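Hello,

Here is the structure I promised to hand over. Please open it before reading on.

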Amino acid sequence: MTTQIQLRDCAKTFADGTRALAPFDLTIEGGETIVLLGPSGCGKTTILRMIAGLEFPDAGGKITFDGDDVTHQSIEKRRVGMVFQSYALFPNMTVAQNVAYGLKVHGVARGESDARVKAMLEMMHIEMLADRAIDQLSGGQRQRVALARAIAVQPRVLLLDEPLTALDAKLRVRLRTEINALLRKLGITAVYVTHDQEEAMALGDKIVVMQKGKIAQIGTPHDIYQKPQNPFVADFVGASNRLGGQMRDGKLHIGPGVFDGPGNAHSLHHGPVDVFFRADGLSTCDLENAHFSGDVAAVSYLGERLRLTVSGIGEMPLIIDTDPDHAIAPGSKIHCRVNPDRLTVFPADGGNSSASASATVI
Amino acid sequence: MSLLQNMKGGRSRPSFPSSIVARIFGQATPGAGSPAILFLLMVPGLVIVAAFFLIPMALVAMRVADGPDGLATYFVILTNERYFASLVQTLVMSAGVTLCALILCGICGLFLVRNRFFGRNMITALLTLPLSFPGTVVGFMVIMLAGRQGAIGAMTDAVFGDKLVFAYNISGLFIGYLYFSIPRVILAVMASAEKLDPQLEEAARSLGAPTWRVVKDVILPGLMPGLISSGAICFATAMGAFGTAFTLATDIDVLPMVIYTEFTRNANVAVAAALSIALGAMTWAVLAAVRFFVGNSADLSPRGGA
């Protein structure tokens with residue numbers, strides 16, 4: 001029932017010579033939800049459109065659905081369901097007509113089509129909107145209609161291209177939960193494109209992090225979050241604080257602190273390293289316990305925590321969270337220490353092999 | 001329409017300049033400004049309409065009533081064989097021109113919007129050039145093409161030994177009007193086509209729709225407002241245009257020419273007046289029908305005439 005999708009040696013070069021995607025392999029198991037995550041222009045949408053049949057891979061690439069070669073099949077033959085950021089609902093049709101469109105095209109008999117449309121609308125909790133015109137709907141309602149329309153034809157794969165980006169924050173979270181439940185319930189193979197790390201974490205069985213036309217890492221949300229394999233992924237999933245350090249005799253030296261190598265550090269050779277961490281990688285303390293001291297440049301109160309922007313420690317200002325009850329004003333001095341188990345360490349110089357390390361010692 | 005609604009509903013926050021501007025441009029700001037000032041600003045427009053439309057129309061209508069047959073003159077257009085034939089001919093030709101222009105320009109406009117290629121701007125400029133030509137010039141060009149000394153005549157003479165001449169009758173007029181209508185329709189189609197959301201087509205295709213279905217269910221409905229409004233303009237222009245017909249020949253039986261000959265040659269003022277009103281009424285009726293079917297959104301104001 002569920003469809004396994006394989007992409008082999010797929011690359012994409014556009015007519016003007018731009019390389020959108022370097023050759024890559026990707027397997028999506030039947031019933032799996034895979035999220036393509038990355039900044040705009042990273043090629044994630046191009047992969048989605050390749051699976052859809054709206055773009056074709058360069059010669060040599062091969063796409064299969066359950067082993068059937070669909071590489072040269074156009075979109076209308078592939079039986080894919082698509083959901084777009086702009087909803088792309090037919091403005092000249094009512095909600096019910098939109099949902100029925102694919103069934104009509106496939107020649108499903110009237111009675112069966114009506115029943116299926118009704119079931120779809122009920123599943124998306126929009127049965128009361130059946131006879132509405134599209135321009136009478138809110139953004140959230142439109143995206144529900146678009147989902148109902150896409151799944152009504154029982155596609156082999158559901159492709160979602162930033163479906164929640166146009167919605168406001170609260171609705172985004174609610175609809176995300178609904179989509180998640182829907183995908184589990186249908187057990188359909190799904191590919192979801194987003195630039196939002198939180199969305200990716202919440203929805204994906206697997207996340208494919210993309211960077212400049214290449215796959216930077218494939219893994220479960222847990223892997224991606226806890227064990228980023230390179231600085232780009234670390235940065236993209238929120239570990240955007242960076243400090244320089246040194247590996248010496250299997251120990252990690254950061255400023256005056258010396259630590260047992262965290263998680264991935266054993267594999268590193270002698271030499272300079274970049275240390276990435278989230279806002280919990282440093283915590284505030286008093287002067288005698290401190291590894292670093294810096295100046296508070298900005299303070300934002302986030303309710304359950306106080307977020308400080310601190311300059312004077314690394315090259316770039318660092319983001320550090322602390323107790324929301326602390327009274328810290330911008331301009332004050334702050335002392336903090338390193339939480340070694342919160343660090344991710346890579347060889348210095350943007351993740352090149354440690355052999356290239358020739359950076360200055362701190 | 002929105003102007004009217006605003007005037008009825010508006011009764012708060014008189015912030016003069018911005019609200020006037022907002023009303024003139026039809027923004028749906030919840031009422032502001034005083035209706036009296038707005039009415040004063042409309043007076044010049046109303047005066048012009050009265051002076052150049054209502055008064056002459058009334059005079060024309062009175063001429064009909066004063067004529068030998070009185071109000072029965074209005075029926076002459078239906079009872080007199082020649083007038084009726086001319087009416088049918090005018091209607092058929094205008095409808096034909098409109099249909100051809102819509103088909104030709106629908107395809108060209110869509111192609112020009114969808115494709116970027118060398119010379120695209122040149123082609124667009126060429127296609128929209130006749131916008132600046134008076135009807136007389138268009139008529140003259142038709143003669144140069146299909147007249148007795150025309151290019152087509154010379155060519156057919158050389159190849160078949162027989163001159164093909166069709167400038168001086170309804171075919172010539174048809175070509176002229178078609179040429180004249182292309183820019184208006186193509187600009188409207190291009191404007192509508194720019195607004196088509198390519199993702200709508202992708203969505204339809206993902207649901208299994210083959211190309212013809214995408215055209216029928218997505219592209220045509222998207223272009224429809226532009227096609228209908230520009231088609232209406234095209235039709236109205238073809239119904240009333242005179243310059244091209246007059247340049248080609250004085251005996252082409254289209255209504256504007258008949259009105260002209262009745263008035264100048266036969267001094268049959270009452271019939272000319274009745275025909276004028278009939279022509280105006282029919283054209284208006286078509287535009288009104290179009291407005292009724294597509295709503296007020298479409299811009300139906302005819303720009304320029306031949």
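Below are notes on the chain contacts, the domains and the cores.

This is a predicted model: local features need pLDDT of at least 70, side-chain atom pairs count only at pLDDT 80 or more, and totals for chains, interfaces and linings use all residues. Residues are numbered from 1 along each chain as its sequence is written, while chains are lettered from A and ligands numbered from 1 in the order in which they are written.

Chains first. In chain A, 17 residues are in contact with 15 residues of chain B (contact: C-beta atoms, placed from the backbone, within 7 Å). On the chain A side, helix 2 (75–78), strand 6 (80–83) and helix 3 (95–105) each give two or more residues (DSSP runs numbered from the N terminus: helices H or I, at least four residues; strands E, at least two). That side has eleven nonpolar, five polar and one charged residues (nonpolar: Ala, Val, Leu, Ile, Met, Phe, Trp, Tyr, Cys and Pro; charged: Asp, Glu, Lys and Arg; polar: the others, Gly among them).

Now the domains. Chain B splits into domain 1 (2–66) and domain 2 (70–300), with bounds from an automatic or database assignment. Six residues of domain 1 and ten of domain 2 make the contact in chain B.

Last, the cores (buried Ala, Val, Leu, Ile, Met, Phe, Trp, Tyr and Cys joined through C-beta atoms within 7 Å; buried: 20 or more other C-beta atoms within 10 Å of a residue's own). The largest has 109 residues; I51(A), V99(A), L159(A), V191(A) and V208(A) touch the most other members. Helix 5 (residues 139–152) of chain A gives the largest share, seven residues. A second, separate core of 55 residues includes V138(B) and A245(B).

Best wishes

Conventions
Two residues are in contact if their C-beta atoms, placed from the backbone, lie within 7 Å. A residue is buried if 20 or more other C-beta atoms lie within 10 Å of its own, exposed if 12 or fewer, and partly exposed in between; C-beta atoms are placed from the backbone.
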